[in-house]
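Hi,

Here's the structure I said I'd pass along.

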Amino acid sequence: VLYQVERTRTGRSFAVRSVKAIQHGKSIFICQASFQREQPSPVQHQFQMPAVPLPEELLTQEQLIQKYLRDPNLLERYRQGLRSMLAQEVPIEMKPVNPPDFFHQNSQEPKQLFWVRAKGYLGECDMKLHCCVAAYISDYSFLRTALLPHQHRTVKFMVSLDHTMWFHAPFRADQWMLYECESPWAGGCRGLVQGRLWRRDGVLAVSCAQEGV
């Protein structure tokens, strides 16, 4: 893969770099990254973190799947999908706050909450590593939020069209963070999702947005 980096803008406080990844002569990835020097801000505010049960009070995604699979009333099409999910090796740990209802095909509100963290110890290393892990976390099950009101429809695949992240405060990706996801709109065979990663102490660490088909 050949990476082409363009110095789009270089200022005193802000800088922008545009990156294009090329493979076999074709662009496979385009990224625009904005950087800012740390500086005090007289204007600050944020939303309030949702009040939810602590991660110690919830089951992991693997434990929930095993619980669902033991239920004889689970539909076979859900059973196959859950077995496939259980077989995947995922480097993050998840604890859903409002797990989906696989036993009824009722429409659900396009919102979901789950505690997430990287498996294993990352430590107080370079913040860039924690940002990379957060980027992986932010993409996992994110787009599925747009499908929650449409449980009666069978979707064979979903593809991300774009993904945007804003980093607001330092965080540890190997410590529990609350991922708040919602989908304000879906139509034209596309879905829009928005997300917020909250530190356990209530600080908004990351905001995300994604559109997919």
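Which backbone oxygen lies 2.8 Å from a polar atom of the side chain of His130? That would be the backbone oxygen of Gly123. The His130 side chain also reaches the backbone nitrogen of Ala173, at 2.9 Å.

Before going on: this is a predicted model, so local features need pLDDT of at least 70 and side-chain atom pairs count only at pLDDT 80 or more, while totals for chains, interfaces and linings use all residues. Numbering runs from 1 along each chain as its sequence is written, and side-chain values use heavy atoms, with hydrogens and water left out.

Back to His130, which is found in helix α3 (residues 127–139); helices here are DSSP runs of H or I, at least four residues, and strands are E runs of at least two, numbered from the N terminus. His130 is buried, with a relative accessible area of 1% (buried means under 20%, with a 1.4 Å probe and protein chains only). Leaving aside neighbours within four places in sequence, its contacts (heavy atoms within 4.5 Å) include Leu122, Cys125, Phe171 and Asp174.

Elsewhere, the axes of α1 (residues 61–69) and α2 (residues 76–87) come within 10 Å and cross at roughly 145 degrees (axes are lines fitted to C-alpha atoms over the stretch in contact, with angles from 0 to 180 degrees between N-to-C directions). On the α1 side, the contact residues include Ile65, Tyr68 and Leu69, and on the α2 side, Leu82, Met85 and Leu86.

Finally, residues 2–36 are 0% helix and 86% strand, with end C-alpha atoms 26 Å apart.

Cheers

Methods: Buried < 20%, exposed > 50% of the residue type's maximum accessible area, 1.4 Å probe, protein only. Polar contact = N/O pair within 3.5 Å; in protein donor to acceptor, adjacent residues only side chain to side chain.
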